[in-house]
Structures are given as structure tokens and as C-alpha cells.
Amino acid sequence: MAKKLSFKDLRELSLKELDEAVEQWRKLSRQMKYATGDGAPGGAAGPSGTSQTLLKKANAANWEGKNSEVTKDFVKKTAKEFEDAKQEAAGIYKVLQEAHEQLRSYKNQLGKAVEQALEKNVRVSADGSLSVIPSLQAPGSAPQKDNTQGVKDEIERILEGAARADEKAAATLRALTKNRYQFTGGGLKRAQKEVEGREDADKLVRLLDKGEMTNTRLAQVNGILAKQYDNPYFAERFATRMGGKGTLELWSQLANPSQPTGDPRRRKLLAEVEKNLGRTLGRATRVNSAAMEKWQREVIAQGKHQFITDRTKDAMGPNGFQVMSSLMGHGKYSHGFLRSYGDAMLDYERKSKLSPADLWKLEGNLNAELNFADGAKDKGNDPMAGYLKAVSRNPEFATHLFNDNPDDAKYLIKDRDYFYDHAGRSGPRPGAEALGDALFAGSTGLDPDGPRAEKAELTVQHQQVRDRALGYLAKQEDDMAPELRGAMAKMLGVHGKDTHLSMSSPLGEGPIGQDDLREVTKQISRDPQSHRMLNAYMNHAIIEDMRTEKDHPGDSLLRAGHTVGFLEDSRYQAVDDQKQKDMSKASWDGLWGYEAVGTAAAFMPGGGHIDHAAFAASKAWVEDENSGIAGETKRENIANSELHRKQLIKLRDQWYDLNSGWADSREQYTPTARTDVINGAANDGIQDSRSGAGRY
């Protein structure tokens, strides 16, 4: 809070020096604009030797040898320094100008308040003290009204406003010029963001320290968090003022998991606070400062300690890892924090000799809640769920997590027992769902909840995560977690080219091991939606293959049929005859529109748009599938070319549209022959898949 100015300070304030400073910085600001090429004071263009001109020439020049390493970087850095200097000068000018205007306004207000006080029979002395001016009154008239309190309040308001304006200007100037040996980039906007962020962080800490957290106060807390969660200055200031332990105590007390609230309004508020507090802390971890390093160490050190929320039950309360992880389901956390926090939590869990369910249960209270934002199925008691969700929002770290330490990868994918986090013990397990998101991120470089990507930039490291995941999951066979089916379908879809080449290889020589691919595809196919999603991806990959295969176009037609057959056999193996009969027709029914393929399309090349050719093939596939299930088709007794006739026709016709010139010059690709080629390849795909699985 700003230190209040005295009455005498403001009353006698001389603005002459400040006025001169404003004028000097105004001139300097204009000169810096001219020096950087923004135009001369009279509106003319800047000189040819400006920093921007120099930068353009430096970027256009053909630098070689040492020049490319040293001189060009020096020129670019110098040009940036000029730009930063221009912004800093403009910022200082604007801050001083606004401070001058505000202080002049408050000084005038104070003078007016003194004059108005006389009209109320109150005298204001030179030091600001007040006294009542006696007035002559007729005998028996009402006593003279004492107006001193109203005058005092008005003067206090003016002095406090002037002090705030003065302190804000000083703080903004400090933020603008905080780097001693170089200009600070970002200019006035960055400085104002810094000052406002730190002010709001201090305000929030004071608000949290006022006693009982009513719904009204909780809404105020959330308002500040929602406004500032992406402001690094706010995030760092708030986290470090709370401290690591204090941060965990805050959320454990607000959530109060030992006594879940039934108030719908409070639950909604807690869900918002959880989300925005998690985002704030994530942003704070991405600030590189000694204070934040200390905060991170404190949080990790408190991970295995219990936070008692019910003093009548000494054993009732979550561990620090549970508290922090419940917040980590929101926001993006730094690589370093995810590494250190994850290492500590994994070490604690694996050394405990207890199953995760036994280790993390809240004294058997399956109604305990730390998580309000994601529905009743995830109450926040499994800390691995929130942690892996945070991992998925940092795809670069996710790739490192599953590649750098094979033991950790094996534990998370193969060995860990993920548990239900609610009394009903049904539906998805939050930890397993989060594992799927983390594997998808690590194997593709994409945030599963992020914006649609134009194209995944796949690397060898992504392929390593993919292959490691497939290897462990394939060995689990029917024990593969059902929560992973959708994530694995998306993963294989993003790696669509490799997946298609591997599914369509008669000898199993594709980029992905065909045995692992076959088993995981089978497990994916046990879920109708995941199976549909994978088919949508594969139709897209098939069409892309047809577009790009120009050396031997006929091969892409063969590969198309073979992949359809591979997928069909995996689908058949996913359910036996009795399960097919028991499956609800509605679970597979209905034609796909663009809405139904949105999940797959979001991660396809092209920014989330599935082209009409791939869409037509997917639509035809669903029509074939619905017809087969409606008729309770026994797939081992029917040729794939009959079962997926419409899909194969669409693919055949699309191939011809793309390769008509090549096909028309060859007798073996007449209309009838093209049908025979793709149908035969589809049946071969079924037979090869069965043979590879050892069923023939």
C-alpha cells in the first residue's frame, strides 16, 4: 500500500521540475523515434542510417565465416538496443506526463476542498488540522452542525489518491529501468503489466489473510486469479509470497477434503479457483528466478507430508503431492519443475511398498475431494492423474519423460496400478486417462487439449515414445487399460503414414513392429468410438499415400486394400461372435458428419479439416459397418470386399481420380481390374493379419 502524502506536501507541491522533466523526455522520445527510423519530428522519413535500416541490411546481407557468427549478431543486438531505448524513452515520457496530470489534479482538488470547508464552517490550517468556525446563532436555535468529519474524509481521499498516483509512477519507472546495464525490452506495457501484477498479488495475499472465506470473498479471490493468471509478474509474486508450504495449505484448506461441501454455488466457485490457481502456479514455475527455485523446492519437500484439514481426526488430510497435483491438471508447468516434482513423487510412491490405491487413499474416505473442476469421477486423490495431465500440456517434457528414464516409463506404462478415485468404482480411472494424454503428447509433440495443429513435426524421439508405448501395451493384451484406447488411436493416427505403411506391409516390414501394432489396434477396436477414430485417420493416410505415390501408383491401391483388411481383422478379433450379437446396434449406428470426426480431424495435417475424399471413405465405412452389424454378419464367413464394399469403392474411385492418366495407359487397371486389385488386397490384409497373429 502506498505511503500517504501529508497535507502540507500536496498543498505546497511544486510541479515545475516535473513539468521540465516531462518536456525533456518528450523531446528525447521524439529523437529516439527518429533514430530508429519512425520519422523525423516534422513528419519526414527517418535517415537511411537508422537502426531499422541497418537491421534490414544485416538480414539481407550474405554473411560468411566469422561474420555470420559474430558481426551479424552484434548488428542485430545493437538494432534491438536502439528499439528498446526508444520504447523506454517513450514509456518514461508517458509515465511522467500522466503523473504530472494526476498530481496537478489532486492538488487542485485539495485546494477546492479547503475552500468548500469554509462554507461548512470548518477551517483547515496549514498543517491540515481542522477546527470549527463558531457562528452567531439566535437563542433557542438548533445546535451548529459539526462538518469536520466529512471534510476530513474528503481530504483523506484526495491525499490517498495522490499517494497512489505517485507510488504507481515510481513503481512503473523502476520497472521500466530495472536493468542496470541494458535497456529493458517491452516498453511501458510490460512495465505496467509488472506493476499491476505485483499490486494484485499483494492484494490477493491480503484478501486471503482476512479470516473466514465466505463465498463473496472466494469470488473476489477468483476474480483476481482469473484476471492475472497468465501474468508472470503476478504469478511469481503471489507464489513466492505464499511460499511452497503456504500454497499447499491454502488449497487444502479451501478444498477441505475431509468435509466436502454440498453448496452448489461454493462448488462452482471452488472449481473456478482450482482452475485459475493451477494456471497461476504453472505460469509461476516458468519464471526463472531464485525465489521461484526456492518455492519449487519447498513444494517438493512438502510432498510426502500430510495437511490435516479435520483437527478432530489427526489422520484425516491429504499429502502435499495430492494437493499440488490436483492443481496441476490446469495450466502449463515448466520442464524443470515437472522433472523434479515427478522424480520425487515417483520415488516416494515406488519406495512405499504399497499399492498406489493404498498409499494415496484418504484414510479410506473415497468421498474426499481436492478436485472440483473435472467432475465426480476425478476427486484428486491420485496425484499421478494431475501430474500426468500437466505432463501432457508440456509435450516437449512428455517426450523426455518417456525416453530419458526407461525405468520410469516402464513403471508408468506397464507396472503401475491405476485406481478408481470414487466410491462407485466405475467409469474411467483418472490416472489412466491422464497417462493416455501424456503418451499422446510425448509421441506426437502435440498438446491433446491445445489448439489444432497445422501439422505435427514428428521426430525420431517421438517415434521412440510411440514404439515403447506399443511394446508395453501389446504385451498386456486384453489387460490393456481401456482408458488408453482413444489416446492410442490418436497417436497412431498422427503417425498415420508409418501406421499405414506398417498395416499394409505383407511381410511386416513397416516402420512400426506389426505384432505390437496388430495387438494394440485390436484393443483400440474394442471401443466403437476409438475404432471409428482410427479408421478416420487411416482413410486420411490412405488418401495422402495415393496423392504422393508417383513412382509406382499401383502400389498405393494395393496398400489401401491391405490396410482396410488389417483394420477389419483387428476389429473382428476384438469381439467374439457372442459379443458381436450382444453389442447394441445404437453403439455403432449413425452416419458420420464432420462433427463426429472432430476428435480425429483436430490432429490431422491441415489444421483440423478432414478433406472430402477421406470423409467420403469414412462415411462409407460406417455405412458398411452398420449394415454388417444390423445383419449380425459373421465376419469369418464373409469376404472383406463384401463387408466393406462401399468403403473400398470410394477408395478405388479416389485412387483413379488421382492417377487416371497412369491407369488408363495400363490394361491391368481397367475399372473391373481396379476393383479386383483393391478387393484382393483387402482379403490378403485379413489373411496376412490372421497369419501374423498365429491364427492360421
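Colleague: To begin, which residue forms a salt bridge with Arg157, and how far apart are the closest N and O atoms?

Modeller: Happy to! Please keep in mind that this is a predicted model. The partner of Arg157 is Glu154, and their closest N and O atoms are 2.9 Å apart. Both residues sit in helix H5 (residues 148-176), three residues apart, which is about one turn of the helix. Arg157 counts as partly exposed because its relative accessibility is 40%, and Glu154, at 31%, also counts as partly exposed.

Next come pairs that link separate parts of the chain. Asp200 and Lys227 meet through their side chains in a salt bridge of 3.4 Å, N to O. Asp200 belongs to helix H6 (residues 187-208) and Lys227 to helix H7 (residues 215-228), so this pair ties together parts that are 27 residues apart in sequence. Asp200 is buried, with 12% relative accessibility, as this falls under the 20% cut-off, whereas Lys227 is exposed at 54%.

Arg267 forms a salt bridge with Glu369, with 2.8 Å between the closest N and O atoms. Here Arg267 lies in helix H10 (residues 264-285), while Glu369 is in the loop between helix H14 (356-360) and helix H15 (383-392), so the pair ties together parts 102 residues apart in sequence. Arg267 is partly exposed at 28% relative accessibility, and Glu369 is buried at 5%.

Salt bridges can also share partners: Lys389, Arg393, Asp437 and Asp449 are joined into one network that way. For the whole structure, the search finds 31 salt bridges.

How values were computed. Residues are numbered from 1 along each chain as its sequence is written. This is a predicted model: local features need pLDDT of at least 70, side-chain atom pairs count only at pLDDT 80 or more; totals for chains, interfaces and linings use all residues. Side-chain values use heavy atoms; hydrogens and water are left out. A salt bridge is a side-chain nitrogen of Lys or Arg within 4 Å of a carboxyl oxygen of Asp or Glu. Helices (H or I, at least four residues) and strands (E, at least two) are DSSP runs, numbered from the N terminus. Buried means under 20% relative accessible area, exposed over 50%, partly exposed in between (1.4 Å probe, protein chains only).
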